[in-house]
Amino acid sequence: MPELAATHHGPLAHHFETLEQQKDTCTLGMWAFLVQEVMFFGGLFACYIVYRFLYPAAFLEGAHHLSPAWGTFNTVVLIGSSLTMALSVRAAQLGRRRGTAGFILATMALACVFLGVKWIEYGHKFEDGLIPGVAWHPEPGAAHGLRIYFGLYFTMTGMHALHMVVGLVLMVFVALRALRGRYSPDNYIGVEVLGLYWHFVDLVWIFLFPLLYLLGRH
Amino acid sequence: MFQDFSLFPEAASTVAGRVDELYLFLVGMTAFAATGIFSTLLFFAVRYRRRQGRKATQIEGSIPLEVLWSAVPLALFVFAFGWGAKVYLEVHNRPKDCMQFYVTGKQWMWKIQHPTGQREINALHIPVGEPIELTMISEDVIHDFFVPAFRVKRDVVPGMYTSIWFEATKVGTYHLFCAEYCGTKHSQMIGEVIVMDPADYEQWLSGQPAGADPVESGRLLFENLLCATCHEPGPRQRGPSLAGRFGTKVGTQAGRQVPFDEDYVRSSILDPMLDLSVGFEPVMQTYKGQVTETNIQHLIAYLKSIGAQPVAGETSAEGEEL
Amino acid sequence: MTTSARSSYLDAEPREDNYLAAGYGIKSWLLTVDHKRIALLYLISLTAFFTVGGLFAVLVRLELLTPQGDLFQSEIYNRLFTMHGTFMVFFFLLPSVPAVFGNFLLPLMLGARDVAFPKLNLLSWYLYVAGGLLSFVAMLAGGVDTGWTFYAPYSSTYANSQVIVSALGIFVAGFSSILTGVNFIATIHKMRAPGLTWFRLPLFVWAHYATSLIMVLGTPVVAVTIVLVAIERLFHVGVFDPALGGDPVLFQHLFWFYSHPAVYIMILPAMGIMSELIAAFSRKRVFGYPVVAISSLAIAVLGFLVWGHHMFVSGQSVFAGFVFSLLSMLVAVPSAIKVFNWTATLYRGSLSFRTPMLYALGFIGLFTIGGLTGVFLASLAVDVHVHDTYFVVAHFHYVMVGGVVMAYMGGLHFWWPKFFGRMYPENVARTAAVLIFAGFNLTFFPQFLLGYLGMPRRYHAYPEEFQVLNVLSTAGASVLGLGFLLPLCYLAWSLKYGRKVGPNPWHAAGLEWTTTSPPPKHNFDAIPTVEHGAYAYAELDAEEVAHA
C-alpha cells in the first residue's frame, strides 16, 4: 500500500506517487499550455491572412521596409538558442550542474542578441516613421493598408518578444536551481519543460520571419 | 400600460407570415418536448419515489433508445434548419425592380432617401404592395435596421454596404429600431415605417420638399467632381468606362476578379489604388474627405442607372466611336 | 482495497486533521496549495462577484419597470447592463463550477491527493481575483459601456469609457481559466488512482475534461482579440476600423470563435454536476453512461464550429449562414441526449427529493426550454427576426441561470456537507429552491414574448406596449433575488449551527464520499484501488446491508 511520501524537501512533490508520474504530468501540462499558445498566435496569424488577402500591395511594400539581413541573422541566432537549450537539457540529463546552467546562460545570451537586434530594427522603424500611433509618417503614396501591416508587424513581433522575455525570466530561475543541484538524471523535468517552451517560441519566429520579411523576395 | 398590449407582433410584410409559421412550429415542438419531459419527470417522481423495501433497479442503458432519441431530435433539428434556410432565402433574395432607397445610419439617427430624392430622418414612408430595397451604410459604428412587423433585420456596417428588402402588405405605422448596440442613445435611435396606399404615398411625396433624386444628384456629382473627364470617352479618358459595368466583374491588377458592386465603387472612390483595373495607369486621386457617404450613394445610384453603351475599344465589337 | 477504503465510511467522527483545521490564520489560506482551500477561496470571491453582478441586474430591471428611461441617464444605464454582463459571464459563470467543484472534487473523485500543479492552482485564483479587481476598479473609475461583447468599432474607436482596463481584467481572468484547464487535463490524465480507467470515471470528471479542452483551445483567442482592441484604442492601427481600412466584422469572428465555446465552458461542468445529482438521488448509475460521457466531448468539438450563428445578420454570405445554421443544429443533439439519459435514469430508481434533487429536476426542465430556444436562434429565418432582441436574452438566461446556476446551487447543497462537515437546513433550502425556480420563470419567460414582439436588447427606454411584460419580468426578478438571498443566509448559518455529518450523509457512490467530511488535508490515508465503475449503487446497497 503506498504511503504518504515525506517529500517536503525531496524531488518528489507531495501529491505525486512516483517521479515518473511527476515527470509525465509536467510534460503533459507544458504541452497543453503550448497548445493554447498556438491558439493565441493563431488568432494573430488569422488576422494577418485576412489583411494580406485584402491588401496585397501594402503587405509587399511593408515587407520591403524590413531588413531580410537582420531577419535572417535573428533566425539563425534563435535557432542557435534552441540548440543551446537542447544542450542544456542534455547536460541536466547527464547530471552536469554547471553544464546545465552554462548552456542556459548561452541561451539567454543569444536571446538577448535577438532582442537587441529587434530593438535596432524597431529603432529604424521609428526613424522611418512606420510605427502606427507612435511615429507614423510614411512616404506619400504609401499603399492603403500599410498602417495595418505595421500594426500587425509590431503586435506579432511584440507578442513574440514578450514571450521571449518571459522565457528569459524562467531561465534565470531554472539556471539558479540547476546550480543549487535541484536537478538530477532522475529529475530534470524543470529543464525539459523550459526547453519545450523555448522551442515553441523559436517555432513561432520560424513562421513570423517568412510571413513578415520574405514576401515578394525570391 | 395596457394600451396596445399584445402578445404577438403584427405581420405586415410578404415574408412575415412564413417566418411566423416556422416560429409557431418551433414553439409547438418546444411545447411538445417540454410537456413530454415535464410529465415524464412528474410521473417518474411519483411512481419511483423512495419507499421502504424497494431498491433501485440498475439499468445500464439501451442502444435502441439512444439511437431513437438521437435520430429523432436530429431529424427535427435538421428539418428546422431546412425550413429556416428556405424561408431565409425568401427573406434574403430580393425581386428585380425594387424601389431603391438609400439609408445611412449614424449615431443616433437614420437618414433615408427616396428614389425620387425626398429625404427623411427616422421615418420611412413607403407604398403598400411594392418591393422596397434599402442600400445601407453606417457613418460610424455598427447599427442594425430592424422592423419587427416585417420580420426583417440587417446590420448597418461602416465601410461596407448591406442591403435589405421587404414588401409591406398592410397600411399602418410600424416600429423601426436600431438593433445593434451603438452607444449612448442606442435606444433612442428609433423611428417609424409608415406604409400607405400608393395614391397617398404619391401625395405625401409631392408634399415633401423636392430634392434631386439620387440618380440626378449622382450625375451632377459625377460632372462636378470631374469623374467624367477620365471615365467617359473623350480625349482625356484615362480610366475605364463605367457605363453598364454595374453587376459585371472587374479584373484587378492583383490578379483577382472582383464584382463591380456598391462596395467596389465606394472603395475605388476612397482608395483607388486598392483594386486597380487591369490595363490602366495608377493615376486616380482619392476622394477621401471630399465626398460624404450620401454622395457616394448618389454616385452609385447614377452608375447603376447608366446602361451598357458601345464604347471605343471596349465592349462593342463594332467599335463605334461616340 | 475496498475494505480499507470503506472502513472510514461508518466513522461518524470528523477528524481533527481535516483540511479546514490544518493551519489557522489568513496566511495559511492565502498561501495554501490545498485544492480544497483554493476551491473555498474561489467560492468566496465568486459569491462576491455574483452579488455585484446581481445588483447591476436589479438596477437594470428597476429601470425597465417604466417605458421611459427615467431612473438613470443613458450613459449610466449602458454601463449597468455592460457590467452586469461582464461580471456575470467572466467573473461568475465561466469559473463557477470548475473553480469550486472541479477544484475541490476532481482529486477526490480521482483518488488523488491534489491536482497536478497545486501552486499553479493558487496562481489561477490570484489571477482571477486580480482580473476581477481590475474590472472593479474600471467600474469605480467610470465603468465601461460597450456591452459585454464589446463590438468594434464602438469599443475600439468610439467608446468613451474604461474599455482597456476592463478588457485587461478579462484578459487576466482568462489566464486563470487557461491554467485551470491545463491543470485539470494533466490531473485527469495522470493522477487517477489504480484501477480507475476512463470508463470508470464519474461523469463529472468527463464533463470537466471536455470543459478543460475548450478552456485551453478557446480562451487564448479572446485573449488575442482583447489585445487587438487595446492596441486599436492606443495606436489606431486600423485592424477593426473601416476608416483606416480595417474590417469590424473580423472582430466578430475573433470574438465569437471563443465566446461561443465559452458557453459550453459554462454548461458542461454544470451537466457534470447534473449526472452526479441524478445518480445520487435515484440511487442508480446514470442511464447510458458511455453515451453521456462521449456527448460531453462531442459538445466540446462541435461547439467550436458554430460561432457564425451569432452573425447571421452581420453581412456574412448566405452560404456561411447555411453552414453555421446546420452545424448549430448538430450541436443541439448531444445536449438533448443528455436530457433524455438523465430522465431515463429516474426510471425504476429510488427517488428522494432533497434540495439538490429539486435543483436537478429544475435544471432538466429549464435547460430543455433554454436549449430548444437555441434551435429557434439557429434557424436562419427566425433568427433574422429575433437576433439582438429580448428573445436572445431570455434564451441565454434560461441556459445560464436556469441551467448553470441551478446546477451550481444543486451541487453546492449536495457537497456542502463534504466541504464543511455540516448539513444545511432542508426545509428553508427547499423553499429557496422553489422561490428561485418560480422567480426565474416569471423573470425570463415574458422576455421570449418581448423578443418576438420586437423589443431590442440593451434598450434603456422602450415603446409603451412592452410595459406589461417588463413589469412581470421585474416582479419575477424580485422573487428571484429574494430566492438567492436565502441560501446566502442559511448556508452561512449552517457553518456554525448546521447538523454535523459523517463521511457519507447521502449514502452516495463516489470516492469523495469514502473520506471524512470535511476531508483530511491529504484527502486519503491510503490511495484507494478502484475495482468497479462509477455509481456502484448496487454494491453500495449490498455493503450497507452487510454492515447493518
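A: Start at B:F150, which touches B:A12, B:S13, B:V15, B:A16, B:I126, B:F166, B:A168, B:Y174, B:V193 and B:V195, leaving out residues up to four places away in sequence. Touching, or contact, here means heavy atoms within 4.5 Å. Keep in mind that this is a predicted model, so local features need pLDDT of at least 70 and side-chain atom pairs count only at pLDDT 80 or more, while totals for chains, interfaces and linings use all residues. As for bookkeeping, residues are numbered from 1 along each chain as its sequence is written, chains are lettered from A and ligands numbered from 1 in the order in which they are written, and side-chain values use heavy atoms, with hydrogens and water left out.

Zoom out a bit, and B:F150 turns up with B:F145 and C:F101 as the residues that touch the most other members of the largest nonpolar core, which has 339 residues. A nonpolar core is a set of buried Ala, Val, Leu, Ile, Met, Phe, Trp, Tyr and Cys residues joined through side-chain atoms within 4.5 Å. Buried means under 20% relative accessible area, exposed means over 50%, and partly exposed is in between (1.4 Å probe, protein chains only). There's another core lying apart from the largest one, with 26 residues, including B:V250, B:Y287, B:A301 and B:I306. In soluble globular proteins, nonpolar side chains tend to be buried together.

Now look at B:R151, in the loop between strand 6 and strand 7 of chain B. Helices (H or I, at least four residues) and strands (E, at least two) are DSSP runs, numbered from the N terminus. B:R151 has a positive phi of about 65 degrees even though it isn't a glycine. B:R151 counts as buried because its relative accessible area is 0%. The peptide bond from C:S517 to C:P518 is cis, with omega near -5 degrees.

Next, the meeting of chains B and C. Chain B brings 86 residues to the contact and chain C brings 97 residues. Together the two chains bury about 7900 Å², 69% of it on carbon and sulfur atoms; buried area is the accessible area (1.4 Å probe) that two parts lose on being put together, summed over both. On the chain B side, B:M1, B:R50 and B:Y181 supply 10% of the area buried against chain C, more than any other three residues.

There is one salt bridge between chain B and chain C, a salt bridge being a side-chain nitrogen of Lys or Arg within 4 Å of a carboxyl oxygen of Asp or Glu. That's where the side chains of B:E60 and C:R285 meet, at 3.5 Å, N to O. The side of chain B that touches chain C gets at least two residues each from helix 1 (16–47), helix 2 (63–92), strand 6 (143–147), strand 7 (152–156) and strand 9 (172–178) of chain B. Helix 2 of chain B gives the most to that side, with 17 residues. By class, the side of chain B that touches chain C has 50 nonpolar, 19 polar and 17 charged residues.

Chain A and chain C bury about 3200 Å² between them, 76% of it on carbon and sulfur atoms. In chain A, A:H15, A:M39 and A:F40 lose the most area to chain C, together 17% of what that side buries. The salt bridge rule finds zero of them between chain A and chain C.

A:T75 counts as buried because its relative accessibility is 11%. Setting aside neighbours within four places in sequence, A:T75 is in contact with A:W205, A:I206 and A:F209.

Definitions and conventions
Nonpolar A, V, L, I, M, F, W, Y, C, P; charged D, E, K, R; others polar.
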